[in-house]
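I opened the notebook to record, entry by entry, what I looked up in this model.

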Amino acid sequence: MAQASKTIISSSSKEENRENQIYENVFSEIETLELPLGTSLRSVYDDQPNAHKRFMEKLEARIRNHDREIEKMCNFHHQGFVDAITELLKVRSNAGKLKVQVTDTNRRLQDAGKEVINQSEEMIRCRVQQRNIATTVEKLQLCLPVLEMYSKVREQMKAKRYYSALKTMELLENTYLPQVHQYRFCQIMTENIPRLREEVKEISMSDLKDFLESIRKHSDKIGEMAMKQSQQQRTFNSVVKKQTNTSNERKFNVANGTVPEHMNVATSGQIQDEEDEYEEEVLTAQDLVDFSPVYRCLHIYSILGDRETFENYYRKQRRKQAGLVLQPQSSMHETVEGYRKYFNQIVGFFVVEDHILHATQGLVTRAFTDELWNMALSKIIAVLRTHSSYCTDPDLVLELKNLIVVYADTLQGYGFPVNRFFDLLLEIRDQYNETLLKKWAIVFREIFESDNYSPIPVANEEEYRMIISRFPFHDLELEKQPFPKRFPVSQSVPEIYKEFKEFIYASLKFSESLHRSSTEIDDMLRKSTNLLLTRTLSGCLQSLIKKQHIGLTELVQIIINTTHLEQACKYLEDFITNITNVSPETVHTTRLYGLSTFKDARHAAEGEIYTKLNHKIDEFIQLADYEWTMTEPNGRASGYLMDLINFLRSTFQVFTHLPMLLDAEVKQISMGAIQQFNLDVIQCELFASSEPVPGFQGDTLQLAFIDLRQLLDLFMVWDWSTYLADYGQATSKYLRVNPSTALILLEKMKDTNKKNNIFSQFRKNDRDKQKLMETVVKQLRSLVNGMAQHT
């Protein structure tokens, strides 16, 4: 029990010690303020019942301990404290004196330091200003380049150096502004730069629009210069060829005695003019249009990263302009100037596109220009096909062809395909030939209307040479006849032959520069000439023959004319051959259809002669008005019958003009042929004397053969002595025999004797007859020459 009590006591003692220790620690913390007061007090009250009471008890005990210690300390130091107070009272009086001295000294120091203080304050202000100035200078050195660059941007924009301005803006934005971004003016600049870029874009786009408007206005001039340059190149290349062709054509025509009028003016002066024209300076697209706006705008949009927008806009605008350029005027077909302006605009448009294609990288591509060209090509072909169909003037069609050739050559020089234009020209060629045929139909009608349908008289050598220079007529007998003499053809024959050659030249003009072979050109010329023969001339002849005012005399002359024109066709073939240098023996060479054309015309004329003659005779017969109850005759033939006889006499005289004994194609005549011809004439005379019309005097119709009868009698009887002795007398037996006619026939008989070479076989009588023939020929020539001199 005692042990238990001890244990309890010991345990209580330990608990109390522990509690005291806790309070001791708390008091130490409170006294030293090591921890916040709240923390220390919270540790006392935590989980301890009656802790407040015990703490207050401990606290009071602690206070009493401290009070006892303070009291002990005060008691211990009380004497020292008293001594200190005593010393302090002694010092008090000295402190008063010292205070007075210090106050005085301070006053005097304050008075002396006022100036120093003022100077110090001024120095401080100066130092602050100096520091501010240095800072300002430093910042200004950073800002000045920014301001200079911004000013430079403004100056460049004012000078329209937009590409440089954009470069300067880029440098300003990326390099200079970041260094002074904190300043407000820099923020304003930063905000203005995008607006400046937009301003540059708007200005450059405005310049581009002005450029597009400018090239639209100048396309005509650009195209004109490009086509002129191409034309001069073609002219220069054709000078030598023209000289060669002119020389060849002159040789051929001189050999045939026919030189076209339009060739007589080809001189070296013309060639020199062509060379001078070639040397004339020709402006280019760069000389006429300033392309810098489009280059500038392209660079600007490229820098701004908006190149695609620019390219799309440019191409869109050019497509629109292409549509406007390709739209022709409604009256374009009326003049060549309308076509020329149309071509100039198109050429100018594509010359500009070609320049842009090669001068820029990607603004326009070959695919884009090909697309534009293909679209334009179809449109142009359609326009030309439509408007050319309205042309009725062959000269205008020919000028159009020349324009198309120059136009095609010009664009081909810039790399555009133009084969379809030459295909179109083949279509236009057919139309050109049609207009030529219509024009020459008018020409032929005018020639026929102005012809007098009488053999062409020539009074001297000059007139004779002028006729044979226009028509290939070769007749030795006619050449030997004295002047004046007559060609068997009328004035229309050389005119028609000349017009045929002019037609061939006109047709050839269209075939030039079509890049066709000589064989194709030869074929085209022959076909067009055949059309002129078989359709135009044939139609005009048929129409002429059917006209009411064309009488028997005119119809006979038409038959003679067509005969000689038919013979002249071979000269036209040679003429075409000389031009094209294509041999007539070529397999595919087309022949001229002159034989059938003129044969049909002659048949028509012969039929018309038969019809008119019968109709005229019927008219005379219908005039018969006999008084069947008369008691006595009038003593003379009826008037209608005498008129009929006179008509028939004049008609038969006309028929003697038909090619017979004196035909130039008949080169030799034998005595046997004359005898046979005499038998035929005798048969006609027998018919005329057989009184085919009851009551008609038999010898009247025979008068139509009187000229021919006297000529045949002269040769059959060989009565030259009587003819020469009685020549010029009214009672001459051979009064109606013309010396020129007798000489021509006698010359043909001489040629027959020479050809047969029978002089060595003549008997004496034959030799005498030959000598007589030569003597008679000389005397006849003397008569003919005398007639010419008398005339």
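This is a predicted model: local features need pLDDT of at least 70, side-chain atom pairs count only at pLDDT 80 or more; totals for chains, interfaces and linings use all residues.

Residues are numbered from 1 along each chain as its sequence is written, and side-chain values use heavy atoms, with hydrogens and water left out.

**Entry: aromatic pairs**

I searched the whole structure and found 25 aromatic pairs. One of them joins Trp-718 and Trp-720, edge-to-face, at 5.8 Å centre to centre and with 90° between the planes. For this I used the rule that rings of Phe, Tyr and Trp (its six-membered ring) pair if their centres lie within 6.5 Å, with planes under 30 degrees apart counted as stacked, over 60 as edge-to-face and the rest as tilted. I then looked up the cover of the two residues, where buried means under 20% relative accessible area, exposed over 50% and partly exposed in between (1.4 Å probe, protein chains only). Trp-718 counts as buried because its relative accessibility is 14%, and Trp-720 counts as buried at 2%.

**Entry: salt bridges**

I counted 23 salt bridges in the structure, each being a side-chain nitrogen of Lys or Arg within 4 Å of a carboxyl oxygen of Asp or Glu. The helices named below are DSSP runs (H or I, at least four residues), numbered from the N terminus.

Glu-371 lies in helix H11 (residues 366-388) and Arg-319 in helix H9 (residues 307-325), so the pair ties together parts that are 52 residues apart in sequence. Glu-371 is partly exposed at 45% relative accessibility, and Arg-319 is partly exposed at 37%.

Next I took Arg-470 and Glu-495, whose closest N and O atoms are 1.9 Å apart in a salt bridge. This pair links distant parts of the chain, with Arg-470 in helix H14 (residues 461-470) and Glu-495 in helix H16 (residues 492-511), 25 residues apart. Arg-470 counts as buried at 18% relative accessibility, whereas Glu-495 counts as partly exposed at 21%.

The side chains of Arg-781 and Glu-747 also meet in a salt bridge, at 2.4 Å from N to O. Here too the pair links distant parts of the chain, from helix H26 (residues 764-790), which holds Arg-781, to helix H25 (residues 739-756), which holds Glu-747, 34 residues apart. I noted that Arg-781 is partly exposed, with a relative accessible area of 36%, while Glu-747 counts as buried at 4%.

I also recorded a network of salt bridges that links Asp-104, Arg-107, Arg-108 and Asp-111.

How many of the 20 residues of H16 are buried? I found 17, and H16 is therefore mostly covered under the cut-off already given. From first to last C-alpha, H16 reaches 28 Å, close to the 28 Å expected at 1.5 Å a residue, the expected span being 1.5 Å times one less than the number of residues. Ser-513, which follows H16, has a positive phi, near 65°.

I then turned to helix H17 (residues 518-546), whose 29 residues reach 40 Å from first C-alpha to last, close to the 42 Å expected. H17 bends by about 30° at Ser-538, the bend being the angle between axes fitted to the seven residues ending there and the seven starting there.

**Entry: single positions**

Lys-167 lies in helix H4 (residues 162-176) and is partly exposed, with a relative accessible area of 41%. I noted that Lys-167 and Ile-303 are 136 residues apart in sequence, with 8.3 Å between their C-alpha atoms.

Gln-567 sits in helix H18 (residues 552-580) and is partly exposed at 27%. Its C-alpha is separated by 9.4 Å from that of Phe-473, 94 residues away along the chain.

Key. Helices (H or I, at least four residues) and strands (E, at least two) are DSSP runs, numbered from the N terminus.
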